[in-house]
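Hello,

Here is the structure I promised to hand over. Please open it first, then read the notes below.

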2 protein chains.
Amino acid sequence: MTQMEQARKGFITDVMRRVADKECVDPKYIRNAVAQGSVVIPANILHGHLDPVGIGKRLIIKVNANIGTSRDHINIEEELLKLSTAIDARVDTVMDLSTGGDITKIRRAILLASKVPIGTVPIYQAAAEKIGDDGGIIHLCSDDLFRAVEAQAKDGVDFMTVHCGVTLAALERLRVQGRITDIVSRGGAFLAAWMLYHKKENPFYKEFDRLLSIAKEYDVTLSLGDGLRPGCLADATDRAQIHELLTLGELTKRAWAADVQVMIEGPGHIPLDQIEANVILQKCLCHGAPFYVLGPLVTDIAPGYDHITCAIGGAIAGKAGADFLCYVTPAEHLKLPSVEDVKEGVISSRIAAHAADIARGNKHAMDWDLEMAQARKALDWEKQINLCIDPHKAKAYRNSSTPSSKEVCTMCGEFCAIKVVRDYFR
Amino acid sequence: MTQMEQARKGFITDVMRRVADKECVDPKYIRNAVAQGSVVIPANILHGHLDPVGIGKRLIIKVNANIGTSRDHINIEEELLKLSTAIDARVDTVMDLSTGGDITKIRRAILLASKVPIGTVPIYQAAAEKIGDDGGIIHLCSDDLFRAVEAQAKDGVDFMTVHCGVTLAALERLRVQGRITDIVSRGGAFLAAWMLYHKKENPFYKEFDRLLSIAKEYDVTLSLGDGLRPGCLADATDRAQIHELLTLGELTKRAWAADVQVMIEGPGHIPLDQIEANVILQKCLCHGAPFYVLGPLVTDIAPGYDHITCAIGGAIAGKAGADFLCYVTPAEHLKLPSVEDVKEGVISSRIAAHAADIARGNKHAMDWDLEMAQARKALDWEKQINLCIDPHKAKAYRNSSTPSSKEVCTMCGEFCAIKVVRDYFR
């Protein structure tokens, strides 16, 4: 039975109890929210030693890190190091997006090494196995896609991106409308290429029930992908994007009818002033299903700094109600991220999530800041460093420039306002 | 005559014309806005070779970088390198906050080397000259403060932070209310210490007309400082902060009556959900005077990453109507920033300003993103790199990981969605 089915039958599972514990909420709240679909717990029944994570309404905003090989950069040890780096930086989930090398082997190694939920995009593996052929991905058949989904579910993958909303009708709307960057989702592009070549409907849409039966068997949470997400600010919140979202809303209801957990993926590249509307729209059209946003990036002109454009967008999305932030690293749009990029990306998105948690009124989030403020007032540097989101980096900064007095830092030296107040106001 | 006085007399000066040119607006708009006080142009009549910058309503959001020595780190060449680095990164203004070494010499060197407007906080120099004495800043007298202001005005400083709103009444309100971090503004702390020791009113408040007469003589734009700004999220938007803002609103009117240009400084540390209210409050209470925010930082727990907490807050503040963002570097709360920190800080705040410019509907801002999107769609890497906010960093990233094909990057390799669309949709 999936967590949703059990919740609907009134059971509070160990998984729900663990999530409730971590969130400091009543287990009954978790049960009811899972039953309604406003919270998901991606927890494949075959993913052993998993520490489950809840994503959704009234919970702490979660952060995902994408790792994985590309055909141009294959090193399994490096990917495992990215995994442990992301977990050390306190990421909540990791997606293995490998497209190069022995994808099955890499995924199994990541699952084995991970206590956090693992997500994948099964069409990548299906496509990777065809891409050597003449004509490439065109030769995919529907069975190839579902075989990949099932194989990955059997390996214990907790959530999967499936671009079910890339329908023929949506592509026609995209064609009529036109766009600057067309399709920038890899899964979306593969499916669209296949559909237009064969003049056939998207198998993930047409055979959605087949997807649901696999998802139900292993309790894989479906992450309904946004294959038509905008690839630049100018394409944001357009008819193609919203058409797809309408379809995802319908499929959400179908998934719930089958006791399958589901969340919705969102853009992407969006001007700052459209982010709140995008979140509200998703919540309305998809009946309160958790919203998983990629960024969003609030400008297109900052490759090398897209962890920052992502942090801005993620914080605003989180405040507006997004539940789950997919990180973006400084390497985005330029190269496969390095281990350092992964760390920078996780911390940046965690800052965004935390700022939004505070804005949403999460008491525990604010406690952390209060403790830091008290340590700062006390000029207690050891405590300040330990409370930092990245104590290692903060310590390295402080140690690189020695102040004349241990009480201050070299920014202000004796001009430290806190020291002045302490010395003169007593 | 100040720019404001000339604008009120109906003159469009060369300075106004240059600002209008850079902003692509009608010079008459600039003249009228300067006359009303909703735009300032910090341009000391003695700052030669200045390329003037407009700050305020309907203009592109500007970014300031703070540089300068502390008593714990004095190296004039390094500060000049920070200046040129900030200017190369296209900062709009620079503040010299030096508190260590020969402050006059450093300031003059910076003014000489800078085509961008230079700001200072004159009380730092006044305090630095006393701090060696027994009892330190307590020995300051009112004349010391005004002497520092006048000397710096004569050197050509374009704008000055003066903490005129730290009044005895505001301090009493602060005392009654209590706070976690009391006062974190250096200028605010010096003045408060002096006022409480001597039981006298703040000279910058009591003798505000004296300040106005100096500002008027040299056309120094007064940046009315927020000496009581919150030093942590828990202290944000409290009675002490807002009491000070009320005073700054009154002083704005007095400055305008004397044809003196004025802007208002704002926090600081603010939870994300309070930023918009803070901007609206400033605009109402200070009659539409330009708002110059420090950050704001949306969490206290990220030293080492405060350029990111600042970018989040700055983007939201800019969208809400803030006109001028003071950068924060990754070194904030830990040490005096290095040259690299200065660059990182400028770029981060420029990203925030740009994202907000787009959200505010600035057409030219969006053009840049559109051009990038078109280059990305065309897989034109040279153009993409050149359009990046930091082409040097973007190039280094791309070159550190060689793709198998020049058309893609190692993130996706052959799985590049844009390439898939191009190859299959023709």
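How many residues does the contact take from chain A and from chain B? The contact takes 106 residues from chain A and 106 residues from chain B. Please keep in mind that this is a predicted model.

First, the chain interface. Chain A and chain B bury about 8,600 Å² between them. Carbon and sulfur atoms carry 71% of that area. Ile301(A), Tyr305(A) and Phe415(A) supply 11% of what chain A buries against chain B, more than any other three residues.

Polar links are there too. Chain A and chain B share 4 salt bridges. Lys377(A) forms a salt bridge with Asp182(B), with the closest N and O atoms 2.6 Å apart. The count of residue pairs in polar contact between the chains is 26. Helix 15 of chain A gives the largest share of the side that touches chain B, 12 residues. By class, that side of chain A has 65 nonpolar, 22 polar and 19 charged residues.

Next, the domains within chain A. Domain 1 covers 44-49 + 58-361, and domain 2 covers 364-425. Their centres, taken over C-alpha atoms, are 39 Å apart. Domain 1 puts 9 residues into the contact and domain 2 puts in 7. The two domains of chain A bury about 750 Å² between them, 63% of it on carbon and sulfur atoms.

The count between these domains is 2 salt bridges. The side chains of Lys393(A) and Glu344(A) meet in a salt bridge at 3.8 Å, N to O. The side of domain 1 that touches domain 2 has 3 nonpolar, 1 polar and 5 charged residues.

Best wishes

Technical notes
Residues numbered from 1 in each chain as written. Chains lettered and ligands numbered in written order. Predicted model: local features only at pLDDT ≥ 70, side-chain atom pairs only at ≥ 80, totals over all residues. Heavy atoms only, no water. Domains from an automatic or database assignment. Contact = heavy atoms within 4.5 Å. Buried area = accessible area lost by both parts, 1.4 Å probe. Nonpolar A, V, L, I, M, F, W, Y, C, P; charged D, E, K, R; others polar. Polar contact = N/O pair within 3.5 Å; in protein donor to acceptor, adjacent residues only side chain to side chain. Helix = DSSP H or I, 4+ residues; strand = E, 2+ residues; numbered from the N terminus.
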